[in-house]
Amino acid sequence: MPARPATPPSTTAPSATAPAATAIPAPPTRRGRPFRLTVPPVSGVLRPRLLLTGLLVGAAAFLLFCWGLTLGDYPISLPDVVRALTGAGDPGTVIVVQDLRLPRALTGLLAGIAFGVSGAVFQTMTRNPLASPDMIGLTEGAGTAVVAAVVLGWTGGLGLQTLGLLGALATAAVVYALAWRHGATGYRIILVGIGVSWICTSATDFLVARGNRFEAQEAVGWLVGNLNGRTWEQVDTLAVAMAVLLPVTLAMGRWMRTLQLGDDVAAGLGTPVQPVRLALLATGVGLVAFATAAAGPVAFVALSAPQIAQRLAATDSPPPLVSGLTGALVVLGSDLIAREAIPGTELPVGIVTGVLGAPVLLWLLIRANRAGSGG
């Protein structure tokens, strides 16, 4: 019987003497470049466009901040304002800038950042661009508490800012409790929040109609959002709150991104979904509550600023820090328009943000409907 020919060695079999495969660094992605540091052990994706957008928006917000300090009965040039901020220049100019005008500008700056970051948190957490404190009743709850205190006289020795803070926190607790069913999903939070928002709005309208003329004027003046007459008391309280809440919110950025993938995927990646959602809700509510207490419920900033920032930075979700800077830009720019639109009259900043924000809301609704999400 003839011998079977030997089978030739496979050309695809690995050789024992072949060199070990070396790791090839990942190429830059379309929106960023991956990086990894040994000391400290940090890895991530560097997004040049996101970084550039943040720098440009921050510079524009600072320019509007300084520009607002030049306006008033005593006009001051922009270079003199910059010098006065550092304590240099004419002593009278320093007093006008630092003691009289700076609290208003800082309140607008900090409130805009707080509204923008809070809106980014809610929109990312719920995976819905229409989710914002304006839409789920938080600002309306703060307004109801303030109007009730003004009309009914139930202040309890607390100021309007404190009552607005408590109203927003209480509304958030009600929304979360009603949305809870073996967990609270973003969809249920939005639906329950819209219902609670309308309840608070109806209660506010009833209280305003019940009050006398002077009480109604005081309540409406706060409800539209206003930076007039801000003092260092509002600035200090808001600055302390943001110094605590903002770093906590930014530190949860990785978990926010995993929530964008859905609850099941996020849980599979090791994210404690419900504790993270509750923590994000608490920080977002805290930011918007303190901002509302300081500046009033300035409309549409928390809704529009994250969407503007997301499109400027070309990211998949609203970037929190850039959203905050965009919120500051919107508030400060709207305040300049409110002060200069009608000569001799200073409109509340909330009127301007409402006029500018309503088209943004309509555009988001149309876009969501075209995408088949129904809003």
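## Helix 3 and helix 8

Helix 3 (residues 91–126) packs against helix 8 (residues 232–251) at an angle of about 30°, with the two axes 9 Å apart. Helix 3 is therefore roughly parallel to helix 8 (angles under 35 degrees count as roughly parallel, over 145 as roughly antiparallel, 65 to 115 as roughly perpendicular and the rest as oblique). The crossing of helix 3 and helix 8 is left-handed. Axes are lines fitted to C-alpha atoms, for helices over the stretch in contact, and angles run from 0 to 180 degrees between N-to-C directions.

By class, the contact of helix 3 with helix 8 has 15 nonpolar, three polar and one charged residue. Ala, Val, Leu, Ile, Met, Phe, Trp, Tyr, Cys and Pro count as nonpolar, Asp, Glu, Lys and Arg as charged, and the others, Gly among them, as polar.

## Basis of the model

This is a predicted model, in which local features need pLDDT of at least 70, side-chain atom pairs count only at pLDDT 80 or more, and totals for chains, interfaces and linings use all residues. Residues are numbered from 1 along each chain as its sequence is written, and side-chain values use heavy atoms, with hydrogens and water left out.

## Helix 13 and its contacts

Helix 1 (residues 48–70) and helix 13 pack at an angle of about 30°, their axes 9 Å apart, so helix 1 is roughly parallel to helix 13. Their crossing is left-handed. The contact includes G54, V57, A61 and L64 in helix 1 and L325, L329, L332 and L336 in helix 13. It divides into 13 nonpolar, six polar and one charged residue.

Helix 12 (residues 301–313) meets helix 13 (residues 320–340) at about 120°, with axes 8 Å apart. Helix 12 and helix 13 are therefore oblique to each other, and their crossing is right-handed. Helix 12 contributes V301, A305, P306, I308 and A309, while helix 13 contributes residues including V322, T326 and V330. This contact of helix 12 with helix 13 has eight nonpolar, three polar and no charged residues.

## Second largest pocket

The second largest pocket has a volume of about 540 Å³. Of its 18 lining residues, D134, T139, E140, S197 and T201 are the closest to its centre. Helix 6 gives the largest share of the lining, seven residues. By class, the lining has nine nonpolar, six polar and three charged residues.

A pocket is an open set of points on a 1 Å grid over the protein atoms alone, where a 1.4 Å probe fits, with protein on both sides within 12 Å along at least five of seven lines; lining residues have an atom within 4 Å of a point.

Key:
Helix = DSSP H or I, 4+ residues; strand = E, 2+ residues; numbered from the N terminus. Left-handed = near helix turned anticlockwise from the far one by under 90°. Contact = heavy atoms within 4.5 Å. Points joined across faces, edges and corners; volume = space filled by probe spheres on them.
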